[in-house]
Amino acid sequence: MRKIHPPEDLARDGRFFRITTEQRFNDPRGPRGLGEGSGRKGGNRLTPDVPNAPDAARSLMHGIFVGEIQALEGAGRTCWDFETGDGREQAPFQLKLDMARQCWDEARHCEISVKLSDWMGTELGEFSESTFLYEAACNPDPVLRLTGVNRALEGLAIDVFNTMKEFGEIAGDPVLEFCEDWMLADEVTHVKMGSDWLRRLTETDPERRAAALEFQRVVDKLFSLGGVRGEDDDAPIRLARRFRELAGFTDGEIDEISAISSEAAAEARAATSKASA
């Protein structure tokens, strides 16, 4: 079996519809479309009283589902793509064990997500799939995979799961609330794995650590979704500061992610103003 399996060759059946990441972000049924033009008090926060909240919640849940598939594929590839060892182009056996454990979690999340999507009235493939998570898992350096996937994208998953858990609680939907809560607990563990292995594998290699953290910043900014994620009360996806602390992020690292999200929001507003001028 070949190493570094290309994203375009991922196996999917006819129910799945693949688009680019840019197209995925601009889908008006997603969180970016929340509250548009409504002028509602409370801004764009995902709450049941937003006119298009059901579609936004179903879109987020479908995005979680395809993300779980790709997280399973990415963690599995890390077990296979690297020889076992402590070299720069190798992965330690204990790291592979952690990735194998993550595969087990992600497979279970796929099953939960399929049943939860059905509960929410969504058919598989009703929303599209972009392969951005798996693409980050194709980096030839295992440490950069950990920062790009486990810390950046699984970190985003923490924020999304927490947002969906709160949405389920407000909507009075215990099935949604508890499913999201159970998966959130696993995601905190996955991000903590990334944080611990980043520090362990780069303990004596500051240059490699700096490169890995820069890769994480790039992924974090790209997937701030034009500032949809933030710490403001009206942010569609709230930065889950407490859960990130449990996942091994320092206060300074969380502040940096918040600043990156604010910067992405400012750039999105500027782009919108320029387009409408």
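This is a predicted model: local features need pLDDT of at least 70, side-chain atom pairs count only at pLDDT 80 or more; totals for chains, interfaces and linings use all residues.
**Stop 1: the largest core.** Start by selecting Leu46, Met61, Met120, Ile158, Val160 and Met164. Within the largest nonpolar core, which has 41 residues, these six touch the most other members. Next, colour helix 2 (53-81), helix 3 (93-119), helix 4 (132-136), helix 5 (142-171), helix 6 (174-201) and helix 9 (251-276); each of them supplies at least two residues of this core. Helix 5 gives the largest share, ten residues.

**Stop 2: Met61.** Centre the view on Met61 and show its surroundings. Leaving aside residues up to four places away in sequence, Met61 touches Ser113, Leu116, Ser117, Met120, Met164, Glu180 and Met183.

**Stop 3: the other core.** Now select Ala75, Phe82, Cys103 and Leu146. They are among the nine residues of another core, which lies apart from the largest one.

**Stop 4: a cavity.** The whole structure holds three cavities of 30 Å³ or more. To outline the second largest cavity, select Ala71, Gly74, Ala75, Thr78, Met99, Gln102, Ala137, Pro142, Arg145, Leu146, Val149 and Asn150, the residues that line it.

Which helices supply at least two residues each of the lining of the second largest cavity? They are helix 2, helix 3 and helix 5, with the largest share, five residues, coming from helix 5. Coloured by class, the lining shows seven nonpolar, four polar and one charged residues.

Definitions and conventions
Residues are numbered from 1 along each chain as its sequence is written. Side-chain values use heavy atoms; hydrogens and water are left out. A nonpolar core is a set of buried Ala, Val, Leu, Ile, Met, Phe, Trp, Tyr and Cys residues joined through side-chain atoms within 4.5 Å. Buried means under 20% relative accessible area, exposed over 50%, partly exposed in between (1.4 Å probe, protein chains only). Helices (H or I, at least four residues) and strands (E, at least two) are DSSP runs, numbered from the N terminus. Contact means heavy atoms within 4.5 Å. On a 1 Å grid over the protein atoms alone, a cavity is a set of points where a 1.4 Å probe fits but cannot get out, and a pocket is an open set with protein on both sides within 12 Å along at least five of seven lines; lining residues have an atom within 4 Å of a point. Grid points are joined across faces, edges and corners, and a volume is the space filled by probe spheres set on the points. Ala, Val, Leu, Ile, Met, Phe, Trp, Tyr, Cys and Pro count as nonpolar, Asp, Glu, Lys and Arg as charged, and the others, Gly among them, as polar.
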